[in-house]
Amino acid sequence: MTVNQLPKGVLLAALAHPDDESFGAGGTLALYAQRGVQVHLVCATRGEAGQVSAECLQGFDSVADLRVSELRCAAGILGLAGVHFLDYRDSGMSGSSDNQHPRALAAAPVEEVALRMVHFIRLLHPQVIITNDPIGGYKHPDHIAIHKATTKAFHLAGDPAFVDVDGLPPYQPQKLYYQVFSKRALRLAVKILPLLGRDPRHFGRNGDIDIQALVEEGNFPIHARIDFRPVVEKREAAAACHASQLDGGPPRRGLLGWIWRLFGDVEQYMRAYPPPEPGLREKDLFAGVDSR
Ligand SMILES: [Zn+2]
């Protein structure tokens, strides 16, 4: 094997819904795929509770079918090596009737979700795993559920005492990161949205994102900044695949586009494992990783 053929590692993104892979971490996923890393996505649900227009739904049997089709479009553009489902159901935002569905991700015991995640970690052998932060980005109950399950699974996967249903041998990933929003951008949004006649406490397609609360509560340290300028077009094209979630327009237009631009061409992460040393500032999630 020549130097160029050496395996360049495996990155696993553990997320809740079709579109989280593009809107949250799309730049990072596309960047590492372009560098030759095998990038896999474990998507816990099929986005069943997403609001979609009748026009978008034409030609599809269900919201889930439509959103999986959008996800496959995005995965192709981002260069993902594989998309895997945990087969839970989208719980919708906090307080919605979807919370009560028997297959709702947010209602499933964290141990059960973690067990399914351990299976994929042992199967795919990622050195690096990324998932949502402890408040699920904007407090979506599914994002919080996948955060908890992935964190648990990260540590369980390497434990020989933990037996997986398929008998896969233990495998310990090396690094775990939580994707976090830029507080600077959120603070700016809180100031500017009222000037545009929008309420920062009721933002988003369903008016259920409280940006003010995110500024107050989500003060997580940033340990890694991933500059995804080399793949910015891929990220935009992948996000555009999720047309049903974009009010019909491309992500760079309209109010969503404006907020989108505030976040810049950098995605930010808090490192959960190994524990960060004071002042840690990484530019590469694979820094220090042994990818043999
Ligand atoms: Zn989501």
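Trainee: What should I know about the model and the numbering?

Mentor: The model is predicted, so local features need pLDDT of at least 70 and side-chain atom pairs count only at pLDDT 80 or more, while totals for chains, interfaces and linings use all residues. Residues are numbered from 1 along each chain as its sequence is written, and side-chain values use heavy atoms, with hydrogens and water left out.

Trainee: How many salt bridges does a search of the whole structure find?

Mentor: The search finds 13 salt bridges. The term means a side-chain nitrogen of Lys or Arg within 4 Å of a carboxyl oxygen of Asp or Glu.

Trainee: Which residue meets Arg67 in one?

Mentor: Asp90 does, at 4.0 Å from N to O. Arg67 sits in helix α4 (residues 63-78) and Asp90 in the loop between β3 and α5, so the pair ties together parts that are 23 residues apart in sequence. Helices here are DSSP runs of H or I with at least four residues, strands are runs of E with at least two, and both are numbered from the N terminus.

Trainee: Is Arg67 buried or exposed?

Mentor: Arg67 is buried, at 3% relative accessible area, and Asp90 is buried at 3% too. Buried means under 20% relative accessible area, exposed over 50%, and partly exposed in between, with a 1.4 Å probe and protein chains only.

Trainee: Which residue forms a salt bridge with Asp98?

Mentor: Arg89, with the closest N and O atoms 3.0 Å apart. Arg89 is buried, with a relative accessible area of 15%.

Trainee: And what about Arg201?

Mentor: Arg201 forms a salt bridge with Glu216, where the closest N and O atoms are 3.7 Å apart. Arg201 lies in the loop between α8 and α9 (211-217) and Glu216 in helix α9, so this pair ties together parts that are 15 residues apart in sequence. Arg201 is partly exposed, at 36%. There is also a network of salt bridges linking Lys175, Arg271, Glu277 and Glu282.

Trainee: New topic. Which residues form the positive surface patch?

Mentor: Arg184, Arg187, Lys191, Arg225 and Arg281 form that patch. Patch residues have over 30% relative accessible area and no salt bridge, and like charges are joined within 9 Å. Helix α8 (residues 183-192) gives the most to the patch, with three residues. Arg187 is found in α8 and is partly exposed, with a relative accessible area of 44%.

Trainee: How many residues of helix α2 are buried?

Mentor: Eight of the nine residues in α2 (residues 26-34) are buried, so that helix is mostly covered. Among them are Gly26, Leu29 and Tyr32. Just after α2, Gly36 takes a positive phi of about 95 degrees.

Trainee: Back to the loop between β3 and α5. Where does the side chain of Ser91 reach?

Mentor: A polar atom of the Ser91 side chain lies 2.9 Å from the backbone nitrogen of Ala106. Ser91 lies in that loop, between β3 (82-85) and α5 (110-124), and counts as buried at 0% relative accessibility.

Trainee: What about Ser96?

Mentor: Ser96 is in the loop between β3 and α5 and counts as partly exposed, at 23%.

Methods
Patch = residues over 30% accessible without salt bridge, like charges linked within 9 Å, V, L, I, M, F, W, Y side chains within 5 Å. Areas by Shrake-Rupley, 256 points an atom, 1.4 Å probe, with all protein chains shown as cover. Lys, Arg positive; Asp, Glu negative; His and termini not counted. Charge placed at Lys NZ, Arg CZ, Asp CG, Glu CD. Polar contact = N/O pair within 3.5 Å; in protein donor to acceptor, adjacent residues only side chain to side chain.
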